[in-house]
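Please look over the model shown here.

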Amino acid sequence: ISKQMLEQVLRELQPLCTTEQHFIEKFFQLSQDPADPQVLEVSMRTLSSPIPLAKEPTAQLLSEIFSCLEPELRGFLDVCNKVHPFGCLQVLVTLNDSVFEMWDSSSALPSSFLSAVLGNMLLLAKSSFNKYIGTLCKEIEEAKMPSKMKGGILPSVSRFEEFVDFSEEVFRTARRRGELDKAHLRLAGSVFSSINSLSSANLKVNTDMVMMENFHHILCFLCQKKIHCLEGKKREAKQRYSEHMEKYVIKSLGQPLEKLNNFFEGVKARVAQGVKEEEVSFQLAYSKQELRKVIEKYPGREVKRALETLYRKIHKHLSPEENLLPVVWQAVEQEFIRQYQEFEDLIQRCYAGSGIAMDFTMEDLLSYFNSITLSN
């Protein structure tokens, strides 16, 4: 409603000022050069100072006749800004469009007095908008995690999306969107910072999982919105989502074959230190006997049970709205297969001819994953 009222006020101002200007020029026989649109254009690009009122006699008379116009407009804009949480967006777009429509119109150029007043109002609107964005950025960066939150989409991410949705609708038909693009970039930077700061937050669940879900959520949102200035942020969200999924998967996988993992990490460390592969088995801690002991702890049925437990744990962690379970589970399968192949390779290289093998084959492993996926 405030937007419509502001549009109506601006629509009625121009003919009022133009009529008064024509009367003054005719009555007092004043000649006036038309204002230069370029002067206004340049003035509106800077926030350094208000646009000075023109000094020609007509403008001086108009400024005295309409001396209350600028203070009244300032007060009215202040009310418009407060009516809606994002009121300053509507004010900025309405004023911007009104000023440039005024210059593009085929009718006689408006008075330089009105140009100066509206130019000052536009600078004021830009200043209010930038101040609001600064406050919003600070709120997003300093937002505390809800004490009972166990995961899911963070309030700062929802806040960012709410602003983008609303602002894109308001600016949909706007003549210019430079201020909005700058605001989008600032807010996106603040949201990314707020997600990155989670590592130090007291989360009740895996931090990488929460970061993975939130970067995935932002990625999907930006893909849907197709906002040109945020293409770089979209690529960054995709990269961060992938990074945290990888970390989450690797951390989750530390459990099903933990002792095998630890044993073969030790084998790799010995080889890296210069021990020949064929001599690793002569090291007491990495003898064939020790390897057999570790392998015995992981019969096929136990591995399958451990994977089922892991699936339930991941299912419990992930929020249903992101629907990342199939993607994460596939990544777990790929990482598990990679580890299995690495163990097999190390056995063949460092324990050649020993006849030692794990209790389950690659085919068994694939069937475990297939069975868990189908049963859920």
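A search of the whole structure, which is a predicted model, gives 13 aromatic pairs. Rings of Phe, Tyr and Trp (its six-membered ring) pair if their centres lie within 6.5 Å; planes under 30 degrees apart count as stacked, over 60 as edge-to-face and the rest as tilted. One of the pairs is Phe 86 with Tyr 132, which is edge-to-face, at 6.0 Å centre to centre and 75° between the planes. This pair links distant parts of the chain, 46 residues apart: Phe 86 lies in the loop between helix 4 (69-83) and helix 5 (87-104), and Tyr 132 in helix 6 (residues 112-142). Helices (H or I, at least four residues) and strands (E, at least two) are DSSP runs, numbered from the N terminus. Phe 86 counts as buried because its relative accessibility is 5%, where buried means under 20% relative accessible area, exposed over 50% and partly exposed in between (1.4 Å probe, protein chains only). Phe 86, Tyr 132, Phe 163 and Phe 166 form one aromatic cluster.

Residues are numbered from 1 along each chain as its sequence is written. Local features need pLDDT of at least 70 and side-chain atom pairs count only at pLDDT 80 or more, while totals for chains, interfaces and linings use all residues; side-chain values use heavy atoms, without hydrogens and water.

Helix 13 (residues 300-317) has 18 residues and spans 26 Å from its first C-alpha to its last, close to the 26 Å expected at 1.5 Å a residue; the expected span is 1.5 Å times one less than the number of residues. Its buried residues are Gly 300, Val 303, Leu 307, Leu 310, Tyr 311 and Ile 314. Seen down the axis of helix 13, they fall within an arc of 105°, so they line one face of the helix; the arc is that of the directions from the helix axis to the C-beta atoms. On the other side of helix 13, Arg 301, Arg 312 and Lys 316 are exposed. The buried residues of helix 13 pack against the helices below, by contact (heavy atoms within 4.5 Å).

| Helix packed against helix 13 | Residues |
|---|---|
| helix 10 | 231-252 |
| helix 14 | 325-350 |
| helix 15 | 362-375 |

The protein has 15 helices and zero strands, and 45% of its 376 residues count as buried. Mean pLDDT (the predictor's confidence in each residue, from 0 to 100) is 83 for the protein, with 85% of residues at 70 or more. Confidence is lowest in helix 2 (residues 37-44), at a mean of 38, and highest in helix 8 (residues 178-196), at 94.
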